[in-house]
Amino acid sequence: MIAVLGSMAAKADIAAGRAFPVRWLVLFFLRIAERIVQAHVARALRVELAEIVAELTPVAGPGDASPADAVLLAWRLRWYATVLVALLERLGGIDCRMTGRDRAPDRAACSSGRPACRGARLAMAGGDRAGFPLPSFHDTS
């Protein structure tokens, strides 16, 4: 999800430099996604959705699909990603034995002996880098 948030933020940044009809359409869909992300982040932090909305009210943007509005939306999406990275770091990174999409029927998709699994915890927790690093992502447009 963190990589998807980074990708969506990149789309909003790119949309800031596009023509108004393109920017409006991209921001329309990204605002819908933002409402879903707000609910997810609130649930992950175990806080009320109103607290997340109140936290981001100063950077809510005009909502007019201007370039500034697109940049503010990109900033908010990066904020959500940063919060989730910080939460993962606080919880100790990624556990490869988690259930969900990284699990195959009757066996873990990545075993504890695999190098990719050992590196996942370090990569998502930020390693020894300072601050809350955003993960790298690839533009799939």
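This is a predicted model: local features need pLDDT of at least 70, side-chain atom pairs count only at pLDDT 80 or more; totals for chains, interfaces and linings use all residues.
Which residue forms a salt bridge with Arg 31, and how far apart are the closest N and O atoms? The partner is Asp 69, and the closest N and O atoms of the two are 2.1 Å apart.

Let me begin with the overall arrangement. The chain has 141 residues, of which 31% are buried. There are 5 helices and 2 strands, and along the sequence they follow the pattern α-α-α-α-β-β-α. Of the contacts between residues at least 6 apart in sequence, 67% join residues at least 24 apart. The accessible surface comes to about 8,900 Å², and carbon and sulfur atoms account for 61% of that surface.

I return now to the salt bridges, of which the count is 3.

Another salt bridge joins Glu 34 and Arg 76, with closest N and O atoms 2.6 Å apart. Here too helices H2 and H4 are linked, since Glu 34 belongs to H2 and Arg 76 to H4, 42 residues apart. Arg 76 is buried by the same rule, because its value is 5%.

The remaining example joins Asp 13 to Arg 78, and the closest N and O atoms are 2.5 Å apart. This pair links helix H1 with helix H4, across 65 residues of sequence. Asp 13 is partly exposed, with a relative accessible area of 31%, and Arg 78 is also partly exposed, at 26%.

Which residues have the most contacts inside the largest nonpolar core? This core has 25 residues, and those with the most contacts inside it are Leu 5, Met 8, Val 41, Ile 52, Leu 77 and Tyr 80. Helices H1, H2, H3 and H4 each supply at least two residues of the core, and H4 gives the most, with 10 residues.

Leaving aside residues up to four places away in sequence, Met 8 touches Leu 30, Ala 33, Val 37 and Leu 77. Ser 7, which is found in helix H1, is buried, with a relative accessible area of 17%. The C-alpha atoms of Ser 7 and Leu 77 are 9.2 Å apart in space, while the two residues are 70 apart in sequence.

The next topic is the aromatic residues. The whole structure contains 3 aromatic pairs. One of them is formed by Phe 28 and Phe 29, in an edge-to-face arrangement with 5.2 Å between centres and 80° between the planes. Trp 79 and Tyr 80 form another edge-to-face pair, at 5.6 Å centre to centre and 75° between the planes. Tyr 80 is buried, with a relative accessible area of 0%.

Ring pairs also link Trp 24, Phe 28 and Phe 29 into a cluster. Trp 24 is found in helix H2, which covers residues 20–45. Trp 24 is partly exposed at 42% relative accessibility, and Phe 28 is partly exposed at 37%. The residues of this cluster contribute to a nonpolar surface patch of about 700 Å², which is made by Phe 20, Trp 24, Leu 25, Phe 28, Phe 29, Ile 32 and Ile 36.

Finally, I would draw attention to the backbone. Most residues other than glycine have a negative phi. Arg 46, although it is not a glycine, has a positive phi of about 60°. Arg 46 is placed in the loop between H2 and helix H3 and is exposed, with a relative accessible area of 79%. Ala 65 likewise has a positive phi, near 60°. Ala 65 lies in the loop between H3 and helix H4, and Ala 65 is buried, at 1% relative accessible area.

How values were computed:
Residues are numbered from 1 along each chain as its sequence is written. Side-chain values use heavy atoms; hydrogens and water are left out. Rings of Phe, Tyr and Trp (its six-membered ring) pair if their centres lie within 6.5 Å; planes under 30 degrees apart count as stacked, over 60 as edge-to-face and the rest as tilted. Buried means under 20% relative accessible area, exposed over 50%, partly exposed in between (1.4 Å probe, protein chains only). Patches are made of residues with over 30% relative accessible area and no salt bridge: like charges are joined within 9 Å, nonpolar side chains (Val, Leu, Ile, Met, Phe, Trp, Tyr) within 5 Å. Accessible areas come from the Shrake-Rupley method with a 1.4 Å probe; for residues, only the protein chains shown count as cover. A salt bridge is a side-chain nitrogen of Lys or Arg within 4 Å of a carboxyl oxygen of Asp or Glu. Helices (H or I, at least four residues) and strands (E, at least two) are DSSP runs, numbered from the N terminus. A nonpolar core is a set of buried Ala, Val, Leu, Ile, Met, Phe, Trp, Tyr and Cys residues joined through side-chain atoms within 4.5 Å. Contact means heavy atoms within 4.5 Å.
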